[in-house]
Amino acid sequence: MSGGSFFGFNVAVRGLFTAQRNLSVIAHNLNNVNTPGFSRQQAIQTAATPYYTTDGTGMVGAGSEVIAVKRIRDEYLDSKYWSENILKGEYSAKSELLAEMEVRFGEPSDSGFSVIFNDFFASLQELSKDSGNEAVRSVVRQKGITFTDYLNNIAVQLEKMQEDVNIRVRAVVDEINSLAEQIGKLNQQIYTAELGNNIANDLRDRRTLLVDRLSELINIDVYEVEMGKLPDGRPNKHFVITISGKPLVDHFTVSKLTVEKRTTKLNEEDIDGLYDVRWEDRNDLVIKSGKLKGYLDIRDGKQGQNGSPNYTGIPHYIQMLDRFARTFAMAFNEGYIDVNGDGVIDPQEDGTGHADGFGANGSTGVRFFTFLDDTREPVDSATFMDGAATVDEIVKRYENIRARNITVSKDVNDNCNTIATSDTDGEIGNIRVLNAILDMRHNSQMFSDGAPEDFMKSLISTMGIDSQQAVLYAKNQEAILHQVDNARQSVAGVSIDEELANMVRFQHAYNAAAKLIVTIGEIYEMLLNSV
Amino acid sequence: MRITNNMLINNMIRHINNNLDRMSLYQSQIATGKKISKPSDDPIVASRALKLRTDVSEIKQYIRNVQDAQSWLDTTETALAHIGDVLQRTRELMLEAANGTNTPSDTQKIKEEVVELKKQIIQLSNTTYADRHIFSGFKTDKKLLIDDETSPDFGKFNIDVSMDENIQYEIGVGIFIRINVLGGDLFNMGQPAVSNGTSPDDSTPVLIQHFNELIAALDAGDLEKVNELLNSFDKDIDNVLKLRADVGARTNRLELTEYRLETDLINFAEQMSKNEDVDMAQAIINLRNEENVYRASLAGGAQIIMPTLVDFLR
């Protein structure tokens with residue numbers, strides 16, 4: 001027996017240790033079968049370096065040893081998962097918010113815009129058949145109020161939604177900062193642990209999990225960069241996460257994001273106090289995708305007008321509603337319809353409107369629609385017009401009207417006999433002005449989309465299509481993400497059956513090694529006892 | 001490809017979730033009877049639904065307008081018929097008076113009746129439909145002729161009614177129908193009604209003028225004049241008949257319009273339903289289908305996720 005008296009014994013014991021080490025790795029894997037983000041570990045077992053014999057009879061095997069515990073993970077699949085997760089974050093945020101917006105508009109239903117608008121015009125039709133009847137006039141006033149209430153309500157709801165999304169933006173930024181900080185700390189722990197030529201398996205798993213969560217929120221790029229070499233010749237790797245090129249986490253350093261209330265509004269329809277998101281060091285932040293982008297697009301999007309995101313978000317819909325209220329009120333009140341869309345009312349665009357007509361009590365120049373003042377009280381026609389005399393001056397007064405403040409004027413509210421139907425004073429059966437107003441319902445030149453109902457229909461269709469698109473994209477991304485995750489699981493997931501089979505295998509190895517020890521022990525005993 | 005137990009479970013959960021998603025959709029379709037609950041479910045259907053609803057409501061309104069127009073015209077027709085009857089009676093009396101065989105006292109009696117007939121005409125001129133004077137053009141709150149018998153202006157025009165005071169009801173998109181007969185057309189041979197002309201006789205309607213002349217002639221026993229006036233009265237009777245024919249024609253038009261609108265209503269309502277209502281039978285079959293798939297996936301899933309090697313090792 002060459003190689004020392006107890007050589008064989010040592011080899012046997014090594015076998016025991018190897019089997020034990022493997023079993024403990026298996027135990028660790030089985031324990032963590034349901035741990036999120038866990039990648040299975042594998043003991044790397046090799047044959048120990050053999051000895052050379054001095055008498056030329058070949059090399060002598062020295063048993064087995066476990067040289068490392070490896071983490072089985074495909075880094076490529078991880079980075080694929082992160083890039084798909086970013087898109088999913090954006091679209092699922094958008095689809096959620098757009099669905100909420102649709103519910104607020106409440107179409108098609110029995111209480112949506114088309115029913116309310118139709119009821120208003122139906123009441124005007126009844127008025128055209130009995131213009132002296134005060135009960136009928138009272139109904140017209142009431143339906144008018146219901147109509148303006150609807151517009152007020154939607155506008156206020158959209159503003160509330162904007163505020164809501166604003167709060168969510170802040171929450172997401174806080175979460176990004178918190179995750180970045182945690183990743184920075186983990187970087188430190190991993191680096192320190194790996195200096196001793198180990199692989200910090202479980203810490204890396206934890207870090208990957210945090211990056212998974214971070215990737216849903218904002219568009220990140222993840223690199224492990226080699227910054228020179230360590231004293232012992234191994235590469236010095238730094239873990240870096242960047243957002244559009246600027247580092248969020250760079251090894252131990254974390255640069256945070258911050259929110260700042262805007263002092264000037266981006267869109268005139270915005271509420272006050274919306275947050276801008278930027279780097280804490282005052283640099284501009286370029287957000288390309290992720291949940292944060294979804295929220296910001298919806299909150300600020302006005303199809304790219306004056307620097308807003310190129311998306312149809314809340315400000316766009318508020319702008320459209322404002323435009324509807326303004327244009328419709330101006331056409332109804334004054335008979336002004338800007339056919340050629342040049343923003344100026346040419347003489348031939350000046351038709352017959354409510355203000356040109358006479359009420360049952362001889363009143364004229366009454367505007368049916370005005371706006372609510374700061375105390376939410378309706379303003380009367382005189383205050384609304386504020387001395388405007390020329391067509392251009394009158395047109396300018398309508399800039400005061402928005403969807404959130406349009407209302408039936410104080411004159412009509414106080415006395416429904418001021419509702420104008422006739423084009424001559426004292427002729428109660430004269431409905432020429434009313435007929436001109438009724439005609440406006442079908443005037444397809446009032447808006448570029450067509451008649452008033454076409455405008456709203458187009459608005460709701462756009463919203464429906466955007467929402468449907470966001471839902472489809474989100475579903476797609478979820479499917480892709482699921483598939484990538486499956487692939488990740490396939491590589492890194494713990495299979496109970498596999499581990500148990502391996503466990504049996506190493507149990508046998510252990511038994512064999514133990515038997516070997518017993519046998520060698522018996523040999524020594526026999527040897528010793530013969531002395 | 002390596003499959004782990006967790007992958008099996010995750011996949012099963014995901015498929016069951018998709019299944020439940022579809023079941024929930026069919027279930028809400030059955031509960032509401034509508035294909036869509038918000039525009040994004042199907043934007044095209046939603047857009048069409050909005051348009052069709054508007055169309056249906058408008059047609060319903062036009063039908064109401066047509067019915068109201070018909071009532072007004074019916075009242076007008078009745079009034080014209082009465083006026084025609086009165087004029088016929090007057091003509092009979094004129095024939096009787098002009099035959100020269102009456103005693104002065106008989107002529108007086110005829111004159112008394114003519115005076116009564118004149119009062120009737122004046123009453124009829126102020127006919128109302130739901131508190132509105134039908135011959136007064138736009139001034140429906142005012143009487144056409146002064147009907148105060150004690151006044152020296154008895155029978156004169158109370159108000160001005162020009163020839164363009166036509167009350168129009170809308171019975172289709174941009175389609176209007178004139179529903180009234182103007183006082184001037186009926187009583188003033190197509191000339192506008194003027195309430196205070198430059199000379200006293202200007203504000204007397206031509207028809208009433210004829211009556212006044214007849215009464216004067218009967219009073220004076222001027223039978224030749226009575227004969228002359230027969231011509232005028234014939235013209236008056238023709239005028240009333242002409243107006244009645246016009247009213248009749250308009251009533252016909254309204255009937256046809258109403259019929260067409262009712263048909264349109266049925267068509268549009270059917271389209272609206274086809275567009276947004278769900279086919280109940282189809283939806284129920286879909287739901288049952290999904291339920292079956294759901295059960296199958298639950299059963300299948302349970303079979304494969306339960307056992308592991310642990311169950312089989314000693």
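## A tour of a predicted two-chain model

Leaving out neighbours within four places in sequence, A:Gln303 makes contact with A:Asn310, A:Thr312 and A:His316. Everything here comes from a predicted model, so please read the values below as computed ones. A:Gln303 sits in the loop between helix H6 (291-300) and helix H7 (314-334) of chain A. Is this residue buried, exposed or partly exposed? A:Gln303 is partly exposed, because 13 other C-beta atoms lie within 10 Å, while a buried residue needs 20 or more and an exposed one has 12 or fewer. From A:Arg73, which is 230 residues away along the chain, A:Gln303 is separated by 43 Å between C-alpha atoms.

Next, the domains. Chain A has three of them and chain B has two, as listed here.

| Chain | Domain | Residues |
|---|---|---|
| A | 1 | 7-72 + 496-529 |
| A | 2 | 78-103 + 161-311 |
| A | 3 | 132-158 + 314-465 |
| B | 1 | 5-33 + 278-311 |
| B | 2 | 52-270 |

In chain A, the C-alpha centres of domain 1 and domain 3 are 89 Å apart. In chain B, the corresponding centres of domain 1 and domain 2 lie 76 Å apart.

Now for the nonpolar cores. The largest nonpolar core holds 144 residues, and those touching the most other members are A:Ile176, A:Leu292, A:Leu321, A:Ala325, A:Ala329 and A:Ala403. Helix H4 (residues 134-195) of chain A is the top contributor to this core, giving 17 residues. Which residues does A:Ala329 touch, not counting residues up to four places away in sequence? They are A:Phe369, A:Tyr398, A:Ile401 and A:Ile406. There is also a second, separate core of seven residues, with A:Val11, A:Ala12, A:Ala19 and A:Phe506 among them.

Where the two chains touch, 41 residues come from chain B and 47 residues from chain A. On the chain B side, helix H1 (5-32), helix H2 (43-98) and S3 are the elements giving two or more residues. H2(B) provides the largest share, 12 residues. By type, this side of chain B has 16 nonpolar, 14 polar and 11 charged residues.

In chain B, S3 (residues 168-172) and S4 (residues 175-178) pair in the antiparallel sense over four bridges. B:Gly172 stands opposite B:Ile175 in S4(B). The two strands form a hairpin with two residues between them, and in the turn B:Gly174 has a positive phi of about 70°.

Key. Residues numbered from 1 in each chain as written. Chains lettered and ligands numbered in written order. Predicted model: local features only at pLDDT ≥ 70, side-chain atom pairs only at ≥ 80, totals over all residues. Domains from an automatic or database assignment. Pairing = 2+ DSSP bridges. Contact = placed C-beta atoms within 7 Å. Nonpolar A, V, L, I, M, F, W, Y, C, P; charged D, E, K, R; others polar. Core = buried A, V, L, I, M, F, W, Y, C linked by C-beta atoms within 7 Å.
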